[in-house]
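This briefing goes through one protein chain, from its overall build to a few single residues. Please keep the structure in view while reading.

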Amino acid sequence: MTDHWLIFGASSAIARAFAREAAARGAAVTLARRDQDNLAATAADLRLRGAASTRVLACDAWDPASRAECIASAPLADTTINVFMAIAQMPAQDALDADPALLAGMIEATYAGPVALLQGLAPELERQKGGRVVVVGSVSGDRGRRKNY
């Protein structure tokens, strides 16, 4: 079975670097992100780097319907799914102060959404009796900063 990496937050620098490594090892790679800008070019680059296959999925961690569609579309035949997650949303502090609804959205997109995605993918990981999950976080959750407290 071929490894298949489902990469959330696929436009971040760390996610793109991880995708290049996975491609170089011959894995299938699915790039998932809310905005599709530049992901087709990244997918084409990954094919040149040796990816078994590539595709792009729209996935908005903030939107339950988008998450459900992404989860349903995630599996690929004859592959073992693995998950790399680099999802974050950090509006500017002055915007958060002006619009408290942004705080709820930040929590949904950065914490609750990724948890829901992993929960939705758990049955597939159980069915295949394994898989890897890599979650990349930020020090922003460990300590406050003046820029975003």
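A residue counts as buried when its relative accessible area is under 20%, as exposed when that area is over 50%, and as partly exposed in between. By this definition Arg 25 is exposed, because its relative accessible area is 69%. The structure is a predicted model.

**Overall build**

- The chain has five helices and five strands, and from the N terminus on these elements run β-α-β-α-β-α-β-α-α-β.
- The radius of gyration of the chain is 16 Å, close to the 15 Å that the globule rule gives for 149 residues, so the chain is as compact as a globular protein of that length.
- Along the principal axes, the C-alpha atoms fill a box of roughly 50 × 30 × 25 Å.
- Of the 149 residues, 37% count as buried.
- The accessible surface of the chain comes to about 8300 Å², and 54% of this surface belongs to carbon and sulfur atoms.
- Among contacts between residues at least 6 apart in sequence, 67% join residues at least 24 apart.

**Helix 5**

- Helix 5 covers residues 101-127, which is 27 residues. At 1.5 Å a residue it should span 39 Å, and its end C-alpha atoms are 38 Å apart, so the two values agree.
- Where does helix 5 bend? The bend is at Glu 108, and its angle is about 45°.
- The buried residues of helix 5 are Gly 105, Met 106, Ala 109, Gly 113, Pro 114, Leu 117, Leu 121, Glu 124 and Leu 125.
- An α-helix has 3.6 residues a turn, so residues three or four places apart point the same way.
- Which elements do the buried residues of helix 5 pack against? They pack against strand 1 (2-8), helix 3 (64-73), strand 4 (79-85), helix 4 (93-98) and strand 5 (133-135).
- Lys 129 follows helix 5 and has a positive phi, near 60°.

**Salt bridges**

- Side chains of opposite charge can pair when their charged atoms come close.
- The structure holds six salt bridges, and one of them joins Arg 25 and Glu 21.
- In the pair of Arg 25 and Glu 21, the closest N and O atoms are 3.5 Å apart. Arg 25 is exposed, whereas Glu 21 is partly exposed, with a relative accessible area of 44%.
- Arg 34 forms a salt bridge with Asp 35, with the closest N and O atoms 3.8 Å apart. Arg 34 is partly exposed at 45% relative accessible area, and Asp 35 is partly exposed at 34%.
- Arg 49 and Asp 45 meet through their side chains in a salt bridge, at 2.7 Å from N to O. Arg 49 has a relative accessible area of 42% and is partly exposed; Asp 45, at 28%, is also partly exposed.

**Positive phi in loops**

- Most residues other than glycine have a negative phi.
- Asn 38 is not a glycine, yet its phi is positive, about 70°. Asn 38 lies in the loop between strand 2 (28-33) and helix 2 (39-48).
- Is Asn 38 buried or exposed? Asn 38 counts as exposed, because its relative accessibility is 56%.
- Asp 78, another residue other than glycine, has a positive phi near 60°. Asp 78 sits in the loop between helix 3 and strand 4.
- With a relative accessible area of 61%, Asp 78 is exposed.

Terms used:
Residues are numbered from 1 along each chain as its sequence is written. This is a predicted model: local features need pLDDT of at least 70, side-chain atom pairs count only at pLDDT 80 or more; totals for chains, interfaces and linings use all residues. Side-chain values use heavy atoms; hydrogens and water are left out. Helices (H or I, at least four residues) and strands (E, at least two) are DSSP runs, numbered from the N terminus. The expected span of a helix is 1.5 Å times one less than its number of residues. The bend at a residue is the angle between axes fitted to the seven residues ending there and the seven starting there. Buried means under 20% relative accessible area, exposed over 50%, partly exposed in between (1.4 Å probe, protein chains only). Contact means heavy atoms within 4.5 Å. The radius of gyration is taken over C-alpha atoms; the globule rule is 2.2 Å times the number of residues to the power 0.38. Accessible areas come from the Shrake-Rupley method with a 1.4 Å probe; for residues, only the protein chains shown count as cover. A salt bridge is a side-chain nitrogen of Lys or Arg within 4 Å of a carboxyl oxygen of Asp or Glu.
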